[in-house]
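The sequence and structure are shown first.

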Amino acid sequence: MDASELERIEMDLFVQALQKRHGYDFSQYAPASFKRRTHLLANQLDCRTITGLTERMLHEPELLPRVLEGLTVPMSDMFRDPAMFRALRDQVFPLLASYPHINIWQAGCAHGQEVYSLAILLEEAGLYERTQIFATDLSDRALQRASEGIYPAREAQQWSRNYQAAGGKRSLADYCSAGYKLLKLNQRLRRNVTFAVHNLATDAVFCEAHLILCRNVLIYFSNSLQNRALALFRDSLVRAGFLCLGARENMERSPVAQAFVPFIESQRIYRLASHLDDIVE
């Protein structure tokens with residue numbers, strides 16, 4: 001048996017053990033990126049082999065939050081891809097304003113930077129008081145950090161530039177405080193945010209949403225898991241609701257694509273197509 005075949009067996013056993021021991025199914029994640037993250041996690045936990053990582057994961061349940069965080073890549077920035085946030089502010093929010101109450105689902109929220117970005121722009125648009133943001137992630141550890149809203153201050157200048165490029169009306173400093181090389185987002189931004197665990201690979205519809213953001217998550221999924229997630233978003237949206245994907249993501253090859261029409265295709269913003277004859281040109 002060559003090394004590649006042995007590695008494949010080790011990876012299969014790790015995935016099976018994680019599902020049977022803790023109930024998390026990673027079998028449909030994109031194999032190449034999942035393998036890279038698993039090897040990196042093994043190195044970080046001083047495991048010489050994937051088998052060693054599997055053994056520790058099975059017998060040290062307190063490692064689970066660290067394992068999930070390593071496998072799910074919780075990375076984001078405030079106002080990441082400012083043009084997308086500007087498109088939300090200028091073209092999507094005015095349409096959402098017609099609803100008496102707005103539900104937004106941020107799926108795969110990682111450490112929460114995009115959640116707070118949304119809250120800031122919604123507040124500046126006068127919509128936040130009637131908006132509920134549901135921010136979900138697979139990782140409890142990531143959700144805890146998101147709930148705290150504390151980030152390294154070294155990001156402040158870039159985030160401020162992103163905020164201005166996104167059409168921010170004030171200064172980002174109005175929404176945070178700095179000290180000890182950290183930035184703490186004002187907790188008033190949390191008042192209409194609910195953080196919760198949700199697994200796109202196994203869980204059902206989370207809420208009825210007017211806007212769903214799931215950005216830079218689907219790129220780590222296999223085609224079948226991407227289709228599952230997109231179907232979940234379709235079933236979660238209200239009629240004519242909006243879906244935002246990441247800059248490197250699209251739904252062109254998905255059987256779910258026929259349920260959506262491009263709204264601002266350059267920013268990967270789509271609208272549920274049901275009963276949209278009056279807006280499709």
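## Basis of the values

The model is predicted; local features need pLDDT of at least 70, side-chain atom pairs count only at pLDDT 80 or more, and totals for chains, interfaces and linings use all residues. Residues are numbered from 1 along each chain as its sequence is written, and side-chain values use heavy atoms, with hydrogens and water left out.

## Salt bridges

Side chains of opposite charge can pair when their charged atoms come close. A salt bridge here is a side-chain nitrogen of Lys or Arg within 4 Å of a carboxyl oxygen of Asp or Glu. By this rule the model contains 15 salt bridges.

One of them joins Arg8 to Asp12, with an N to O distance of 2.8 Å. Both residues belong to helix H1 (residues 3-22) and stand 4 residues apart, about one turn of the helix. Helices (H or I, at least four residues) and strands (E, at least two) are DSSP runs, numbered from the N terminus. Arg8 is partly exposed at 42% relative accessibility, and Asp12 is partly exposed at 33%. In these terms, buried means under 20% relative accessible area, exposed over 50%, and partly exposed in between (1.4 Å probe, protein chains only). A further salt bridge links Glu60 with Arg56 at 3.0 Å, N to O; Glu60 is partly exposed at 24%, as is Arg56 at 25%.

## A bridge between two loops

Glu129 and Arg191 form a salt bridge of 2.5 Å, N to O. Glu129 lies in the loop between helix H6 (113-124) and strand E2 (131-137), and Arg191 in the loop between strand E5 (182-185) and strand E6 (193-197), so the pair ties together parts that are 62 residues apart in sequence. Glu129 is exposed at 59% relative accessibility, whereas Arg191 is partly exposed at 37%. A network of salt bridges links Glu129 and Arg191 with Glu123 and Arg188.

Glu10 is located in helix H1. Glu10 is buried but has no salt bridge, and the nearest side chain of opposite charge, Arg48, is 9.1 Å away. Beyond residues up to four places away in sequence, Glu10 touches Thr49, Ile50 and Thr51, where contact means heavy atoms within 4.5 Å.

## Cysteines

A disulfide is a covalent bond between the sulfur atoms of two cysteines. With a disulfide defined as a pair of cysteine sulfur atoms within 2.5 Å, the count is 0. The sulfur of Cys214 is 11 Å from the closest cysteine sulfur, in Cys244, which is too far for a bond. Cys214 is buried at 0% relative accessible area, and Cys47 is buried at 7%.

Ile150, Tyr180 and Leu182 make a nonpolar surface patch of about 350 Å². Such patches are made of residues with over 30% relative accessible area and no salt bridge: like charges are joined within 9 Å, nonpolar side chains (Val, Leu, Ile, Met, Phe, Trp, Tyr) within 5 Å. Accessible areas come from the Shrake-Rupley method with a 1.4 Å probe; for residues, only the protein chains shown count as cover. Ile150 belongs to strand E3 (residues 150-152) and is partly exposed at 31%.

Phe242, in strand E8 (residues 237-245), is buried at 1% relative accessible area. Leaving aside neighbours within four places in sequence, its contacts include Val92, Leu96, Ile212 and Phe263. Phe242 and Phe263 are 21 residues apart in sequence and 8.3 Å apart in space, C-alpha to C-alpha.

Conventions:
Lys, Arg positive; Asp, Glu negative; His and termini not counted.
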